[in-house]
Amino acid sequence: RSSPHLPPSTSPVPSSLFPSCILPSVSRFTLESYWENTAPEWDRGNVPWIVRILVRWGIIALGFLAAEGVVNWLWSPPDRMVIDGWQSLFAASAIFHIVRSFIRPILTFLTCPLQLITLGLFVFVINAVILLLTEEVCSWFGVNYAIDGFFPAFVAALVISAVSFALDRIVRRNMFGPRWK
């Protein structure tokens, strides 16, 4: 049955059940439109993947430079973290990026109870371990990168994380706001 005061509808739902004054017309909402509207401009597919990797590599290299400066400024013997030249800087940051992409998920999974107890702050310990592992891998390839002990590695991990966070927000042009428009 249709209501005498409403126009006939082609919808399978009778119009008498849902008059237009109660439910306004709603446009369709799909997962695809959600994905497109919530991704930042940097991740929408307009930037090739190799450019994204190179930008991340550059951000990590800047994090390494900042970490070297902070670590050597904090400790009295100033050579607690050494990166000898720009070739070593780019090689060490690339090795760090590769080691982190493979080892960090495994270490995060294995230390899941510690992650829960420390509310995720144990990830900085994992990053320090990854920096120490990066030093070992760099020595295999003859890259002049050295870090002296766990505490300088921990401070370096904090600095690299902070620089990476800040520069990633600047690159995305979505400083601290949500990821949707």
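**A surface patch, a core and a buried loop residue**

Trp49, Ile50, Val51, Ile53 and Leu54 form a nonpolar patch on the surface, and together they have about 480 Å² of accessible area. The model is predicted. Its chain has six helices and two strands.

**Confidence**
- The chain averages a pLDDT of 78.
- A score of at least 70 is reached by 69% of the residues.
- Among the elements of the chain, helix α1 (residues 31-38) has the lowest mean pLDDT, 52.
- Helix α5 has the highest mean, 92.
- Where pLDDT is low, the predicted coordinates should not be read in detail.

**Overall fold**
- Along the sequence, the elements follow the pattern α-α-β-α-α-α-β-α.
- The chain has 181 residues, and 31% of them count as buried.
- Take the contacts between residues at least 6 apart in sequence: 65% of these join residues at least 24 apart.
- The accessible surface of the chain comes to about 12300 Å².
- Carbon and sulfur atoms account for 69% of that surface.

**The largest nonpolar core**
- In soluble globular proteins, nonpolar side chains tend to be buried together.
- The largest nonpolar core here holds 29 residues.
- Phe64, Met81, Phe96, Leu131, Tyr145 and Ala156 touch the most other members.
- At least two residues of this core come from each of α2 (49-74), β1 (81-83), α3, α5 (123-141), β2 (145-147) and α6 (150-172).
- Helix α6 supplies the largest share, seven residues.
- What does Phe96 touch, not counting residues up to four places away in sequence? Its partners are Ile60, Phe64, Ile130, Leu131, Thr134 and Ile160.

**The surface patch, seen through Leu54**
- Leu54 is one of the patch residues.
- Leu54 lies in helix α2.
- Is Leu54 buried or partly exposed? Leu54 is partly exposed, because its relative accessible area is 45%, which falls between the 20% and 50% cut-offs.

**A loop residue: Thr111**
- Thr111 sits in the loop between α3 (85-110) and α4 (112-117).
- Thr111 counts as buried because its relative accessibility is 15%, under the 20% cut-off.
- Leaving out residues up to four places away in sequence, Thr111 touches Phe122 and Ile126.

Notes: Residues are numbered from 1 along each chain as its sequence is written. This is a predicted model: local features need pLDDT of at least 70, side-chain atom pairs count only at pLDDT 80 or more; totals for chains, interfaces and linings use all residues. Side-chain values use heavy atoms; hydrogens and water are left out. Helices (H or I, at least four residues) and strands (E, at least two) are DSSP runs, numbered from the N terminus. Buried means under 20% relative accessible area, exposed over 50%, partly exposed in between (1.4 Å probe, protein chains only). Contact means heavy atoms within 4.5 Å. A nonpolar core is a set of buried Ala, Val, Leu, Ile, Met, Phe, Trp, Tyr and Cys residues joined through side-chain atoms within 4.5 Å. Patches are made of residues with over 30% relative accessible area and no salt bridge: like charges are joined within 9 Å, nonpolar side chains (Val, Leu, Ile, Met, Phe, Trp, Tyr) within 5 Å. Accessible areas come from the Shrake-Rupley method with a 1.4 Å probe; for residues, only the protein chains shown count as cover. A salt bridge is a side-chain nitrogen of Lys or Arg within 4 Å of a carboxyl oxygen of Asp or Glu. pLDDT is the predictor's confidence in each residue, from 0 to 100.
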